[in-house]
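User: Hi! I'm new to reading protein structures. Could you walk me through a few features?

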Amino acid sequence: MKLTLLGGGGFRVPLMVRTLLKDSSEQRVRALTLWDANEERLRTMARIVEAMTASVPHAPSVRIATDMRDAVRGADFVFSAIRVGGTDGRAQDERIAHSCGVLGQETTGFGGLSYALRGIPVARAIAEAIRDEAPGAYLINFTNPAGIITEVSSEILGDRVIGICDSPVGLARHALTALEDAGEVDPGTSSRIFETGGPVHIDYLGLNHLGWVHRILVNGRDVLPTVLERPDLIESFEEGKLFGAKWVQHIGALPNEYLHYYYYAREARLADDRAEATRGIFLAAQQADFYREAAQLDGHAAFEAWNRTREEREETYMATNREAAGGIEREAADIESGGYDRVALAVMKALAFDQATELIVNTPNRGRIPSLPDDAVVEAPCRIDSKGATPLEVTPLTGHQLALVTQVKNAERTVIAASREGSADLAVEAFFSHPLVDGVGVARELLAKAKESFAEDLAYLR
């Protein structure tokens, strides 16, 4: 198989390569192409990848491409993990949000919509390149905001686009680990989520970074009620600590960690205000330091520097949310990053070799949330095999879940329309429509500051 990774200079590339190198089967990836708009970072990552693969006999060949269309030409799969504006762009989104008194986060609220306005034109160009240069390829989208970018890409590539995120699987794994520790399920159950034909089935529904686990079936038995009836189990893992047992029991479901920005919006914003630096600002500085150091090192030393930086990065993940929830320390298992890579490889093998599996992915709605159009991308479990991604039965959303998802998806589809039509007025409407932006006046202020900060990327908005 031939795999192209767009965003090949990105910080997470070694995680993907690490997962590829674990596969020595006949069905492994044999050729990997890396492309990135930032050629300096691409060369740095290429040296790290070369060091990682040098002593592995079954490692894929690695090619560096400097032209995006050349990179995707003839690929069987394209993984897209780009960041238009880089980490500096994320940091600037957060500064703008805070200056206007709204929540600043990469994928949620203003930050996600601003990120989308920059990323949608590039996502369209990528999808068009795949359509022209690799018409049989699947696009596996990592690029945030994943729901929006997957939806835009689907307009061009149809069902040959699947968006992925590791948050839902991580949430279910945490709950199952708590049940293992309590002796309620067999040891090792949590590690079998990715297993083809395995015993674990997750009933999850929502949008990317906005969804709920309603059931966790182990050999056909729903074990989630056992978690929900025990506050000690709920608050034994990170998401339960973030939301508190009382609220989780009230809603009768496990919320995705990013729902903390909605359920505790004021607390999250105030914690960000108190922080020495927002997550984006921290990462922008951290990554600048890493790439500056790594550019002077050989591949092996650069890989060691990457690993040190990765550990520090994971330790600070959602740090202000954990501070807002009373100061929650991350578990060692959560610091050992990885998840996107495993989901992506499982999707790829299921599609290429008919190794049917069930995974939570981003695909068109097709009736799962009746209040949304069929082509609106949602996040839910699918059976994935050589026929593609087939939606599985899910528990319907009700009450505040349905209201919140409907409102946020309206904002997402409005920002897509704004980009398609080049309309600043629609961009303001998208910002205002989001529940974390409180009014048309602040929406206009946010857009004005975004256009000033990202003048070249947003020049198309009139």
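User: Which side chain makes a polar contact with the side chain of Asp-385?

Analyst: Good place to start! Please keep in mind that this model is predicted. For a polar contact, we look for a pair of N or O atoms within 3.5 Å. Here the side chain of Arg-383 is the partner of the Asp-385 side chain, at 3.1 Å. The Asp-385 side chain also reaches the backbone nitrogen of Lys-387, at 2.9 Å.

User: Is Asp-385 buried or exposed?

Analyst: A residue counts as buried when its relative accessible area is under 20%. Asp-385 has 6%, so it is buried. This residue belongs to strand 12, which covers residues 377-385. Thr-357 is 28 residues away in sequence, yet the two C-alpha atoms are 6.8 Å apart in space.

User: What caps the N-terminal end of helix 2?

Analyst: Asn-38 does: one of its side-chain oxygens lies 3.2 Å from the backbone nitrogen of Glu-40.

User: And which residues of helix 2 are buried?

Analyst: In an α-helix, residues three or four places apart point the same way, because there are 3.6 residues a turn. The buried residues of helix 2 include Leu-42, Met-45, Ile-48, Val-49 and Met-52. Among the elements that the buried residues pack against are helix 1, strand 3 and helix 15.

Definitions and conventions
Residues numbered from 1 in each chain as written. Predicted model: local features only at pLDDT ≥ 70, side-chain atom pairs only at ≥ 80, totals over all residues. Heavy atoms only, no water. Helix = DSSP H or I, 4+ residues; strand = E, 2+ residues; numbered from the N terminus. Buried < 20%, exposed > 50% of the residue type's maximum accessible area, 1.4 Å probe, protein only. Polar contact = N/O pair within 3.5 Å; in protein donor to acceptor, adjacent residues only side chain to side chain. Contact = heavy atoms within 4.5 Å.
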